[in-house]
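Please keep the sequence and the 3D view at hand while reading.

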Amino acid sequence: MKTSLFKKQALFLTLFLVTLSTSVLAQKQEVIRPGELWPDTDGNHIQAHGGGITKIKNTYYWYGESRAKDLDPQYRYVSCYSSKDLTNWKFNGNVLKMAAPDSLSSKWVLERPKVYFNLKTKKYVMYLHIDVNYKLANMGIAVSDSPTGPFRYVKRFRPLGFESRDIGQFIDDDGTAYIIFEDRPSGGFRIAKLSDDYMDVEKNMSLIKARIEGGAIVNYNGLYYCLGSGLTGWKPNPNKYATATSLEGPWTEFKDIAPVETKTYGSQSSMLIKVVGSKKTTVLFTGDIWKPDTQWDSRYLWMPLEIEEGKLWLPEPTPWKINVKTGETTILK
Ligand code: GAL
């Protein structure tokens, strides 16, 4: 009798603690903490690796690779989170659940999803890196009528006939949509313009002859800053940047974005986000801290960049806050 009463009490206590911890985690967050677990509004670590951010009106959508533990290994999943403050993210589900397309081997990979909203067609167009043993080097496209899916796979291809591995997204201030892709046989990475309906890659703008992937671009005060990582797989390396006054180049030499020995503080570039506020324009570095053996636990390194007059620098990661209305950030030491 006594034991079962004790068991019941223990069960209630456990349930109480679980509920308490979930509600504590689900509380509104004020601070972004690079490298730490980043709970969504349900209290679960955000699963949006190698991701991309798409802003629609005043909502940011974060798409990425879900590498959650409990996924069905037959499929690959792209998750979608939404936020108005870039800090608190609501999980909108896995918006693309995809089986191996065509007759690809079950070992296929789907990486680095990026979503573009096409104003003319009103479609959300998702670009993907689709590969098998990193030899296929294909881009893929999936489409949806809503930012929160479901997305439908359409096709895979080699853009402009070139190999394409890591992809990056860039939308210029005039609204023109570009994709960055690593083209290994040509010895660099390309910046290319999308077609009017975003369903194809239309025009090569630049081939930057540098062994760079995880490519990202921002247009800041009329200068293009392009950055990326070295080709060391999941292992971090010193990420680098170059600048140009036109997407067609010429591009400067690549320089380090952080002290070389930190290997970009253990992260790899994913995207640059420009937040244009009422008081300030802030550029955010968003990167992945990969954990190849425990991929669901991979973390994020998001930090405001120091950027001006052709110089770009990633400060040492520390907790920070952003006010997306004013564009101001506060670094908390
Ligand atoms: C990285 C790349 C990732 C993934 C990984 C696999 O260099 O950026 O997206 O492809 O290699 O080793």
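This is a predicted model: local features need pLDDT of at least 70, side-chain atom pairs count only at pLDDT 80 or more; totals for chains, interfaces and linings use all residues.

D102 sits in the loop between β4 (90–99) and β5 (109–118), and its phi is near 50 degrees, a positive value in a residue other than glycine.

R112 also has a phi near 50 degrees and is likewise a residue other than glycine with a positive value, but its setting is that of a strand, β5. With a relative accessible area of 3%, R112 is buried, because this value is under 20%.

## The ligand and its surroundings

R112 is one of the residues that surround the ligand, the others being E111, Y134, D166, E213, G233, W234 and Q268. Sorted by class, this shell consists of four charged, two polar and two nonpolar residues.

Several side chains of the shell come within polar contact distance of the ligand. An N or O atom in the side chain of R112 is 2.9 Å from an oxygen atom of the ligand, a polar side-chain atom of D166 lies 2.5 Å from a ligand oxygen, and for the side chain of E213 the distance between an N or O atom and an oxygen atom of the ligand is 2.3 Å. Taken on its own, the ligand has 310 Å² of accessible area, and the protein covers 90% of it.

## E65 in strand β2

E65 belongs to strand β2 (residues 59–65), and it is buried, with a relative accessible area of 3%. The side chain of E65 makes a polar contact of 2.6 Å with the side chain of R67.

Once neighbours within four places in sequence are set aside, the residues in contact with E65 include E111 and R112, both of which also belong to the set surrounding the ligand. Q47, A48, H49, G50, Y77, L110, P113 and W290 are also in contact with E65.

What is the reason for calling strand β11 largely enclosed by the rest of the structure? Strand β11 (residues 188–194) has six buried residues out of seven, so the rest of the structure largely encloses it.

Strand β10 (residues 177–183) pairs with β11 in the antiparallel sense over six bridges, and D183 stands opposite G188 in β11. Four residues lie between the strands in the hairpin of β10 and β11, where G187 takes a positive phi near 75 degrees. β11 also pairs with strand β12 (residues 201–208), again in the antiparallel sense and over six bridges, with N204 in β12 as the bridge partner of A192. In the hairpin of β11 and β12, six residues lie between the strands, and Y198 takes a positive phi near 65 degrees.

Strand β15 (residues 240–244) is largely enclosed by the rest of the structure, because four of its five residues are buried. Strand β14 (residues 223–229) runs antiparallel to β15, and five bridges join the two; A242 in β15 is the bridge partner of C226. β15 also pairs with strand β16 (residues 255–256) in the antiparallel sense over two bridges, and here K255 in β16 is the bridge partner of Y241.

The loop between β14 and β15 holds N237. Is N237 buried or exposed? N237 counts as buried, because its relative accessibility is 8%. A polar contact of 2.6 Å joins the side chain of N237 to that of T232; besides T232, and leaving aside neighbours within four places in sequence, N237 is in contact with S229, G230, L231, K263, T264 and S267.

## Cis peptide bonds

The peptide bond from G149 to P150 is cis, with omega near 0 degrees, and P150 is placed in the loop between β7 (138–144) and β8 (152–157). A cis peptide bond also joins G249 and P250, where omega is about 0 degrees. P250 is found in the loop between β15 and β16, two strands that pair in the antiparallel sense.

Definitions and conventions: Residues are numbered from 1 along each chain as its sequence is written. Side-chain values use heavy atoms; hydrogens and water are left out. A residue is near a molecule or strand if one of its heavy atoms lies within 4 Å of it. A polar contact is a pair of N or O atoms within 3.5 Å; within protein, one must be able to donate a hydrogen and the other to accept it, and residues adjacent in sequence count only if both atoms are side-chain atoms. Accessible areas come from the Shrake-Rupley method with a 1.4 Å probe; for residues, only the protein chains shown count as cover. Ala, Val, Leu, Ile, Met, Phe, Trp, Tyr, Cys and Pro count as nonpolar, Asp, Glu, Lys and Arg as charged, and the others, Gly among them, as polar. Buried means under 20% relative accessible area, exposed over 50%, partly exposed in between (1.4 Å probe, protein chains only). Two strands pair if DSSP finds at least two bridges between them. Contact means heavy atoms within 4.5 Å.
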